[in-house]
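Please keep the sequence and the structure in view while reading.

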Amino acid sequence: MQRILITGSNRGIGLELTRRYLERGEQVFATCRQPQAAADLNQLAAQYPDRLSILALEVTDEAAIAECVRQVSAQTDALDMLINNAGILPGGVAAREANIGTFGQLEAAAMLHVFEVNSVAPVMVAQAFAGLLRQGQQPRLINVSSDAGSITMRNKGCDYSYPASKAALNMLTRCLSGDLRGDDVSVVSMHPGFIKTDMGGPNARLTLDEAIPEMMRVMDGLTLEDTGQFFNWDGKSVPW
Ligand SMILES: NC(=O)c1ccc[n+]([C@@H]2O[C@H](COP(=O)([O-])OP(=O)(O)OC[C@H]3O[C@@H](n4cnc5c(N)ncnc54)[C@H](OP(=O)(O)O)[C@@H]3O)[C@@H](O)[C@H]2O)c1
């Protein structure tokens with residue numbers, strides 16, 4: 001049984017990963033901003049009371065991260081996988097960030113918030129949970145990135161903060177992989193696919209059913225040989 005922590009697990013990709021890992025028999029620490037309002041997670045908790053813990057975590061709040069570590073540590077002495085999934089695309093794919101992403105109308109505070117959630121928070125979460133990960137079996141840290149953050153693939157104008165925040169996350173994956181390699185923790189960035197969620201919108205290419213089992217297969221197989229790499233949901237490499 002793997003011990004897995006997933007951020008932003010109340011909807012979208014995080015919820016689907018939680019559901020499928022529970023079906024498979026794993027122990028899941030599912031974090032979200034408002035546990036009481038997380039109806040789907042609470043339904044899963046009723047079904048899997050012994051293997052699902054729902055924990056409050058606003059990923060930009062360092063005190064909340066510390067409290068979350070305390071609560072997880074009270075239940076387990078190790079994590080085998082930490083999935084930094086929480087992320088934002090203000091306005092969603094359809095709105096393309098409205099004022100936040102239009103050159104000529106960019107707002108520093110709005111851009112910084114996207115970096116805070118998508119780039120900085122995953123590192124702070126990783127730093128806080130590193131002690132538990134180091135004790136895990138085949139420990140893996142997955143930063144859910146996006147191919148939108150690929151500098152190589154970017155050949156037209158863009159909406160600034162989201163792609164740049166994921167490009168920064170990719171560099172931070174590389175930094176973390178260097179620091180955690182000695183502890184046998186494999187650290188990767190993963191593009192989950194363009195998926196129909198609140199963020200991806202109804203016109204996204206993939207369903208959760210198509211992408212998530214493949215993404216789980218790839219995450220299952222990650223070893224130290226993969227550390228520091230950027231993978232697509234189907235296991236192919238994504239160019240930086
Ligand atoms: N869907 C796609 O096509 C796609 C493509 C490439 C990459 N991704 C990446 O995949 C990840 C999940 O995306 P998704 O499609 O599942 O998005 P989603 O449906 O919009 O869900 C985002 C999740 O992140 C949580 N979250 C946002 N800000 C947070 C914060 N400050 N603290 C804690 N939780 C926070 C949300 O919680 P609330 O419910 O409280 O807001 C929600 O649970 C993201 O990192 C995204 O960038 C998605």
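Helix H1 (residues 12-23) contributes the most to the shell around the ligand, with three residues. Helices (H or I, at least four residues) and strands (E, at least two) are DSSP runs, numbered from the N terminus. The model is predicted: local features need pLDDT of at least 70, side-chain atom pairs count only at pLDDT 80 or more, and totals for chains, interfaces and linings use all residues. Residues are numbered from 1 along each chain as its sequence is written.

**Ligand shell**

- The ligand is surrounded by 29 residues, and the closest are Gly8, Gly12, Gly87, Thr197 and Gly200. A residue is near a molecule or strand if its C-beta atom, placed from the backbone, lies within 6 Å of it.
- By class, the shell holds 13 nonpolar, twelve polar and four charged residues. Ala, Val, Leu, Ile, Met, Phe, Trp, Tyr, Cys and Pro count as nonpolar, Asp, Glu, Lys and Arg as charged, and the others, Gly among them, as polar.

**The sheet**

- Seven strands form an open sheet in the order S3-S2-S1-S4-S5-S6-S7, with parallel pairing. Strand S3 (52-56) and strand S7 (230-232) stand at the edges with a single partner strand each, so one side of each lacks a neighbour in the sheet.
- Neighbouring strands of this sheet are turned by 20 degrees against each other on average, direction ignored. Axes are lines fitted to C-alpha atoms, for helices over the stretch in contact, and angles run from 0 to 180 degrees between N-to-C directions.
- Strand S2 (residues 27-32) runs parallel to S3 and is joined to S3 by five bridges; Phe29 stands opposite Ser53 in S3. Two strands pair if DSSP finds at least two bridges between them.

**Strand S6**

- Six of the six residues of S6 are buried, so this strand is largely enclosed by the rest of the structure. A residue is buried if 20 or more other C-beta atoms lie within 10 Å of its own, exposed if 12 or fewer, and partly exposed in between, with C-beta atoms placed from the backbone.
- Ser186, Val188 and Met190 are buried on one side of S6, and Val187, Ser189 and His191 are buried on the other. In a regular strand the side chains alternate between the two faces of the sheet.
- Val188 is buried, with 23 other C-beta atoms within 10 Å, and is the bridge partner of Ile142. Val188 and Phe230 are 42 residues apart in sequence, yet 5.9 Å apart in space, C-alpha to C-alpha.
- S5 and S6 run parallel and are joined by five bridges, whereas three bridges join S6 to S7.

**Helix packing**

- The axes of H1 and helix H7 (residues 208-220) come within 10 Å and cross at roughly 65 degrees. Ile13, Glu16, Leu17 and Arg20 of H1 meet Leu208, Ile212 and Met216 of H7. Residues are in contact if their C-beta atoms, placed from the backbone, lie within 7 Å.
- This contact of H1 with H7 has five nonpolar, no polar and two charged residues.

**Positive phi angles**

- Gln138 is not a glycine, yet has a positive phi of about 40 degrees. Gln138 lies in the loop between helix H5 (108-134) and strand S5 (140-144).
- Asp184 also has a positive phi, near 65 degrees, and lies in the loop between helix H6 (161-181) and strand S6 (186-191). Asp184 counts as partly exposed, with 15 C-beta neighbours inside 10 Å.

Technical notes:
Contact = placed C-beta atoms within 7 Å.
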